[in-house]
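I opened a new notebook page for this structure. My plan is to look up a few local features and write down what I find.

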Amino acid sequence: MWLDDAYFKEKQMRLEPDAPRAALAYRVSTKGQVDHDDIPMQKIDCRKFAQKQGWRVVKEVAEKGISGSKVSAAKRDAIQQLKEDATNGEFDILLVYMFDRLGRIESETPFVLEWFVQHGIEMWSTHEGQQKIETHGDKLMNYIRFWQAAGESEKTSIRTRDRIRQIVSSGHYTGGFVCYGYQLEDQGRRNKRDKPVMDLAINEEEAAWVRELFYKVVNEGASGYALAEMLNNRGLRTRAGAKFQASNILRIIRHEGYTGYIITKNARSEYIPELQVIDKDTFDRANDIIIRRSTKIKQEKQISHTSQNPTLLAGIVYCAHCGAKMSGFMHKDRYKLADGTIREKVQPKYNCFQRAQKSRGGRDCDGQSLYLAETVDAIVLEVVKKVFAQIKDTPYSRVAEQRIRQESNLQKVKRAAVEKKMRSAQHALERFEGEILKCLDGTSCFTEDMIAKQIRKSQKDLDDAKAEFAKLQKERINEAAEIRKLRSYYDDFRGWADEFDSAPLEIKRTILSQLIDRVEVGRKYAVTIKFNMSYQQFLECDKTIEPSQEIGA
């Protein structure tokens, strides 16, 4: 009955006209409390208490799903509105179910209560009575109350985290966002109220394209941008119904739960085979690729990355004659037609600053001062596209096998040579050690000094050979790491090759600045392209690709 507004209003009408005015405030910190009985319980208790005290209720404020220990009073609309109404003299008493409904921040909430008291508002709780601030003891008790409330809030939080950790560790879903590739199913589990609860299960349709995303990252070096476009073209959408972005793809690739775990902020389950979508090796390889790409993006960008520059190679183009870095800019050409009309044409060009400043003391340069960016860019793009086309047609296994074969053959020859040195030194050492006995009985043709000298030399030769052999063995162990590094270069190439043609100017400029160390331009547009060392070494694995090319145009 006390929840019935008409019933409560009829009760209130029986009060004296000059009855004290009261405002009632309710708060719950979670949605679960809103949906159950916490707000009604507080409302019943506060209305009955106010009626019993003879107070006229002029205002009721309810905060739903607001944490008293995490949300500051300054950010709580209800508290701010109550302060404003108190300042305007709209009520005389503020009644709450318990004082921790005002908040549980020990460094703040005691002063919220004190603020109302200082502004002439009586502070009451249905369970704790009136809180006065008249003496030092009152202030101390006020602080202790909220200090204790903060402690209880922390204990509740710890208990909740521990329980969630236990549930997750047991391999059960505890709520929250359901990642692509999974769905919720009723698998017969029930909670302590004997109500069914949902568990995670693989959604085979979604899991299929999640596996495809990982496959394309690992085996084709596909970028997040390209994968998002692929999903969008298929008509797929995010859980929110929006188009996929590269960030959505990265979140999927980084989600370790696909390897067969339920993972929350504070807990991680044991391995659950029924939830594995991706094997651990594939997951690690995919994330290694995106981590390396992220690291490159975060590194200091070259000038060529700036979108304000209209040229493709700004920052990596140099004069072939004086070695100076050339700048890209929009240049205005003026020329006269046969009829005497003056025409102007603005187009991007590369400028050798040293050549242009030669008359002012610049570096000696016998090259051109200006080159058409369109012509230079076209020459470089021809080479780059040829490289990318060959990379697309080159399976990783072929490149890797060729590199492994080259490295292994070289290592075998070196190890064989060093092993021969070791055997020779060991044989010499044993021979001269055997001469010691002969020297003692006078049958040796060597003197003691000669033998000692030869033993020292043979021992040094043996030690040197062993050290060299150990070094070669270490290099052999590192061969696997070199092959992984080779794989990373291949992945980079495949990703760039797939993305390059459709990428905007800024992305093309970024790709070229990572792939190419420098482009040297000379008279008559003689262009030399020098790839970055890591990628040059990779290109050398495939004899069909020239790592450094000179083209005349």
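Is Glu-520 buried or exposed? I looked it up: Glu-520 has a relative accessible area of 16%, so Glu-520 is buried. Here buried means under 20% relative accessible area, exposed means over 50%, and partly exposed is in between, with a 1.4 Å probe and protein chains only.

A note on the model before I go on. This is a predicted model, where local features need pLDDT of at least 70, side-chain atom pairs count only at pLDDT 80 or more, and totals for chains, interfaces and linings use all residues. Residues are numbered from 1 along each chain as its sequence is written, and side-chain values use heavy atoms, with hydrogens and water left out.

**Entry: salt bridges**

I took a salt bridge as a side-chain nitrogen of Lys or Arg within 4 Å of a carboxyl oxygen of Asp or Glu. The whole structure gave me 20 salt bridges. Glu-520 is in one of them, with Arg-518, at 3.1 Å from N to O.

Next I checked Arg-239. Its salt bridge partner is Glu-206, and the closest N and O atoms are 3.0 Å apart. Arg-239 sits in the loop between helix H8 (224-233) and helix H9 (246-254), while Glu-206 is in helix H7 (residues 204-220), so I noted a link between distant parts of the chain, 33 residues apart. Helices (H or I, at least four residues) and strands (E, at least two) are DSSP runs, numbered from the N terminus. Glu-206 is buried at 15% relative accessibility, and Arg-239 is partly exposed at 39%. I also found Arg-239 over the face of Tyr-180, at 4.2 Å from the ring centre. That requires NZ of Lys or CZ of Arg within 6 Å of the ring centre and within 35 degrees of the ring normal.

**Entry: aromatic pairs**

I counted rings of Phe, Tyr and Trp (its six-membered ring) as a pair if their centres lie within 6.5 Å; planes under 30 degrees apart are stacked, over 60 edge-to-face, and the rest tilted. The structure holds 14 such pairs. Phe-49 and Trp-124 have ring centres 6.2 Å apart and planes at 50 degrees, so I logged this pair as tilted. Phe-49 lies in helix H3 (residues 38-53) and Trp-124 in strand E4 (residues 122-125), 75 residues apart. Phe-49 is buried at 17%, and Trp-124 is buried at 16%.

I then turned to Trp-115 and Phe-116. Their ring centres are 5.1 Å apart and their planes at 90 degrees, so this pair is edge-to-face. Both Trp-115 and Phe-116 are buried. Lys-83 lies over the face of Trp-115, at 5.2 Å from the ring centre.

**Entry: the sheet**

Which order do the 5 strands of the open sheet take? I read E2-E1-E3-E4-E5, with mixed pairing. Two strands pair if DSSP finds at least two bridges between them. Strand E2 (56-64) and strand E5 (129-131) stand at the edges with a single partner strand each, so one side of each has no neighbour in the sheet. E4 and E5 run antiparallel and are joined by 3 bridges.

**Entry: a loop with positive phi**

Most residues other than glycine have a negative phi. I found that Lys-524 has a positive phi of about 60 degrees, and Tyr-525 also has a positive phi of about 60 degrees. Lys-524 is in the loop between strand E12 (516-522) and strand E13 (526-531), and Tyr-525 is found in the loop between E12 and E13. Lys-524 is exposed at 69%, whereas Tyr-525 is buried at 16%.
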